[in-house]
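Take a walk through this model, one local feature at a time. Keep the viewer open while you read.

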Amino acid sequence: MIDSPAFAIDEVLRQDEFALPALLYATDALEPHFDKMTMEIHHGKHHAAYIKNLNEAVKDTAWANASIEKILAEVTAKQPAIRNNAGGHYNHSLFWTLLSPKGGGEPTGAVGEAIKASFGSFTAFQELFEKEALARFGSGWTWLVMDTKTKKLKITSTPNQDNPLMTKLVKERGTPILALDVWEHAYYLKYQNKRIAYVKAFWNIVNWQEVNTLLAK
């Protein structure tokens, strides 16, 4: 049984193992920005491995039938296998939905307004987001989140497969509405060590419609 979408913040309990969500587009649909081979390996190998390892890690634990959101909220540094693989599953499940061959451009609607209110302009937001993505040393993720306290958008980043929902592990918390994977496996086949080229290519395929949906939730 496929679990409820990992990017939907809910507490629905699983009845079976976590499963790999299908992409909503062909693996070559994001070219030339994200290449087919990288998408095939990233989704079919890397993400699949996180799911396999997560299912093994939660077996016979208190989280054996828990939602991904519950696991993320409760996991600590004392459970590294669950921490890394639950984060890997959630982060990638969200990431795939935020990409679209019909994406890109400047966001409209509530997200466009919220970005301007929080950062001054879309261009200013892009510059700050890119700076955060480039400043993340080694592997990790860059996020645009809704701060649950201030109800404003903010940019943050996390190492490895951590994310802003891991309330017992991260300082900068919030609800993710946009995410960018800055692990080398996300871009090295096409962009080699040029992370900045990969980050800039991302803007051409951002699914702003989905970001608006996440913001509305």
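Start at Ser67, which lies in the loop between α1 and α2 (68–74). Helices here are DSSP runs of H or I with at least four residues, strands are runs of E with at least two, and both are numbered from the N terminus. Ser67 is buried, with a relative accessible area of 1%. Buried means under 20% relative accessible area, exposed means over 50%, and partly exposed is in between (1.4 Å probe, protein chains only). A polar atom of the Ser67 side chain lies 3.1 Å from the backbone nitrogen of Lys70.

Two notes on the source apply throughout. The model is predicted: local features need pLDDT of at least 70, side-chain atom pairs count only at pLDDT 80 or more, and totals for chains, interfaces and linings use all residues. Residues are numbered from 1 along each chain as its sequence is written, and side-chain values use heavy atoms, with hydrogens and water left out.

Now turn to the strands. Strand β1 (residues 140–146) and β3 run antiparallel, joined by six bridges. Two strands pair if DSSP finds at least two bridges between them. Within this pairing, Val145 stands opposite Pro176 in β3. Six of the seven residues of strand β3 (residues 175–181) are buried, so this strand is largely enclosed by the rest of the structure.

Next come the rings. A pair of aromatic rings is described by the distance of the centres and the angle of the planes. Rings of Phe, Tyr and Trp (its six-membered ring) pair if their centres lie within 6.5 Å; planes under 30 degrees apart count as stacked, over 60 as edge-to-face and the rest as tilted. The count by this rule is 16 aromatic pairs. In one of them, the ring centres of Phe34 and Phe95 are 6.5 Å apart and the planes are at 40°, so the pair is tilted. Phe34 lies in the segment before α1 (36–58) and Phe95 in helix α3 (residues 80–97), so the pair ties together parts that are 61 residues apart in sequence. Phe34 is buried at 5% relative accessible area, and Phe95 is buried at 1%.

Tyr187 and Tyr198 form a stacked pair, with 4.9 Å centre to centre and 25° between the planes. Tyr187 lies in the loop between β3 and α6 (188–191) and Tyr198 in helix α7 (residues 195–202), so this pair ties together parts 11 residues apart in sequence. Tyr187 is buried at 4% relative accessibility, and Tyr198 is buried at 0%.

What does the largest nonpolar core hold? It has 61 residues, and those with the most contacts inside it are Phe125, Leu144, Leu178, Phe202 and Trp208. A nonpolar core is a set of buried Ala, Val, Leu, Ile, Met, Phe, Trp, Tyr and Cys residues joined through side-chain atoms within 4.5 Å. Leaving aside neighbours within four places in sequence, Trp208 is in contact (heavy atoms within 4.5 Å) with residues including Gly104, Pro107, Phe125, Leu178 and Trp203.

Finish with the backbone. A cis peptide bond joins Glu31 and Pro32, with omega about 5°. Pro32 lies in the segment before α1. Lys151, in the loop between β1 and β2 (153–159), has a positive phi near 60°. Lys151 is exposed at 61% relative accessibility. Gln192, in the loop between α6 and α7, has a positive phi near 50°. Gln192 is partly exposed at 34%.

Note on methods:
Polar contact = N/O pair within 3.5 Å; in protein donor to acceptor, adjacent residues only side chain to side chain.
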